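User: I would like to learn how to read helix packing and surface pockets in a structure. Could you take me through the general idea of each feature and then through the case at hand?

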Amino acid sequence: MKPTLPEPALDQLFRQARTYNAFDGEVDDAILHRLYDLLKWGPTTANTCPARFVFVKSAEAKAKLGPALDEGNHAKTMAAPCTVIVAYDMAFYEKSPVLFPHTDAKSWFDGKSEDELRTICLRNGSLQGAYLLLAARSLGLDCGPMSGFDNTMVDAAFFAGTNWRSNFLVNLGRGDPASIFARSPRLGFDEACRIE
């Protein structure tokens, strides 16, 4: 077995990591490149990598995103230094000859129904979104993942004429500790797990 990460690293990634509701600081393009260069290594089915990421930073991009946000998410998202639209590409399998070159994986997917493809995209794209959260935390960024927006509006504003579809949003920056709620409980092992 590989060595366990040191306790402070586990705290940063999991135990002390929180969902923030207010952010400041700056998220420069270089750290977004580092972020993607970490998260891209997480596993997906047949290395499909269906997730696509739009880093919303400019005033113009925020103006496109704003109308799609639920009221409770609007102010914090408009103020965040960066909001990631975690999306997925319904035509992900077109990249299979490059991403899974040792066999004809494209043929495994190109005859599937839209519902089947969406399930594959949501499963694997959500995994990649979770890798984004862990990569961001490992690089010292705080995160605010959320639903609470109109997917149809986001897709029309950012992905019109493409096969990309929005999944969820993540605000990134330096989190304000005053913006977090008291830590909610989690299920214990015996409530959530079985060993058979």
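Predicted model: local features only at pLDDT ≥ 70, side-chain atom pairs only at ≥ 80, totals over all residues.

Analyst: The contact is built from Q12, L13 and F14 on the α1 side, together with L134, R137 and S138 on the α7 side. By residue class, that contact comprises three nonpolar residues, two polar ones and one charged one.

User: What describes two packed helices in general, and at what angle do the axes of α1 and α7 cross?

Analyst: In general, a pair of packed helices is described by the angle between the two axes and by the distance between them. Here the axes of α1, residues 7-15, and α7, residues 114-138, come within 9 Å and cross at roughly 135°. Because angles of over 145 degrees count as roughly antiparallel and those from 65 to 115 as roughly perpendicular, α1 is oblique to α7.

User: How do the axes of α2 and α7 cross, and which residues meet there?

Analyst: The axes of α2 and α7 come within 9 Å and cross at roughly 125°, and the two helices are therefore oblique to each other. The crossing of α2 with α7 is right-handed. On the α2 side the contact uses L35, L38 and L39, which meet Q128, Y131, L132, A135, A136 and S138 of α7. Seven residues of this contact are nonpolar and two are polar, with no charged residue among them.

User: Which elements give two or more residues to the lining of the second largest pocket?

Analyst: The second largest pocket, with a volume of about 160 Å³, is lined by D29, L32, H33, Y36, D37, F53, F55 and K57. The elements that give two or more residues to this lining are α2 (29-39) and β2 (51-56), and the largest share, five residues, comes from α2. Of the lining residues, four are nonpolar, one is polar and three are charged.

Methods:
Residues numbered from 1 in each chain as written. Heavy atoms only, no water. Axes fitted to C-alpha atoms, helices over the stretch in contact; angles between N-to-C directions. Helix = DSSP H or I, 4+ residues; strand = E, 2+ residues; numbered from the N terminus. Parallel < 35°, antiparallel > 145°, perpendicular 65-115°, else oblique. Contact = heavy atoms within 4.5 Å. Nonpolar A, V, L, I, M, F, W, Y, C, P; charged D, E, K, R; others polar. 1 Å grid on protein atoms, 1.4 Å probe; cavity = no way out; pocket = protein on both sides within 12 Å on 5 of 7 lines; lining within 4 Å. Points joined across faces, edges and corners; volume = space filled by probe spheres on them. Left-handed = near helix turned anticlockwise from the far one by under 90°.
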